[in-house]
Amino acid sequence: MNTIYLFFLLLVAFLPSYCVGYDEQLYACSGQYLFPCGSVARLNISYPFWGGDRPLYCGRKGFEIRCEDSQYRFIDSAAQKFRVLNISYFDPIILTIARDDLWNDYCSGILNQEIDFNHDIFKYGRNVRNLSLFNDCRDAISPLLGPNYINCSTVEGEEKTTGFYAIDIPELRISNLSNTCQLGIKVPVLLAALDDLRTGSLEHALEQGFDVEYIADSTRCAKCIATGGICGSNISNTEQFICLCHDQPQPHTCPLAHPGMHALHFTY
């Protein structure tokens, strides 16, 4: 008798805590969250991203958006820091970012590593092209490249170095030109930035950033929303996708669309 009584006590104690926890998750992840950050326009944060007052279980581990120095920033798995310029939640989810180390100072950024995304999660957008950016070039190269050459100062600011940039196209033999330079990286840029590059506005082209598409759970999340659910992650394992439904979480989709759930959806 005591064993049965103890069992019911544990059952009563466990169920409310589970329900409250799930209700809190459902409430926290519902609706639109506009992340405030200084004077910049508020950013709409939805799955797989999280940050600010939006908990980790509303997104996915490794996809935190931070507000630092009144700028939205995202740190990718390679520990590189990017400025977040925009997020589009249409299928596919597109994140527009710019390398933080090249912002306002591309000369020092050439010293750093190239971007190395986790291609199981992200891929470059279709409107992205590679820009080769070189510095510390020994030979006279400006007559060959027109407005595409750059001048950089050393750390001490005493010595000037010459470099150049060019879009990777077959007509331009980048490998031959880069043999004269000590430093070089490839930087993704938008097709829309090509006009800036042609007129010599490298800084403005880099500040437009580039697009990456989120591919890991994109289809699964779209199906979840279509059945009246909300995309989120398992509280105990935030790398595991779950579909938040009106009564309980599901691994993929909600069994039946609930009329009241549509009011909880994000506005994309």
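How much accessible surface does the chain have, and what share of it belongs to carbon and sulfur atoms? I looked up both values on this predicted model. The surface comes to about 14,600 Å². Carbon and sulfur atoms account for 53% of that area.

Next I checked burial. The chain has 268 residues, and 43% of them are buried.

Then I went through the secondary structure. I found 7 helices and 15 strands in the chain.

I also looked at contacts between residues at least 6 apart in sequence. Of these, 59% join residues at least 24 apart.

Backbone entries came after that. Most peptide bonds are trans, and most residues other than glycine have a negative phi. I searched for exceptions to both.

For the peptide bonds, I noted a cis bond joining Y47 and P48. Its omega is about 10 degrees. I placed P48 in the loop between β2 (43-44) and β3 (65-68).

For phi, I noted D69. This residue is not a glycine, yet its phi is positive, about 55 degrees. D69 sits in the loop between β3 and β4 (71-75). Is D69 buried or exposed? I read 71% relative accessibility; the cut-off for exposed is over 50%, so D69 counts as exposed.

My last entry is N104. Its phi is also positive, at about 70 degrees, and N104 is not a glycine. I located N104 in the loop between β6 (93-99) and α2 (106-109).

Technical notes
Residues numbered from 1 in each chain as written. Predicted model: local features only at pLDDT ≥ 70, side-chain atom pairs only at ≥ 80, totals over all residues. Heavy atoms only, no water. Helix = DSSP H or I, 4+ residues; strand = E, 2+ residues; numbered from the N terminus. Buried < 20%, exposed > 50% of the residue type's maximum accessible area, 1.4 Å probe, protein only. Contact = heavy atoms within 4.5 Å. Areas by Shrake-Rupley, 256 points an atom, 1.4 Å probe, with all protein chains shown as cover.
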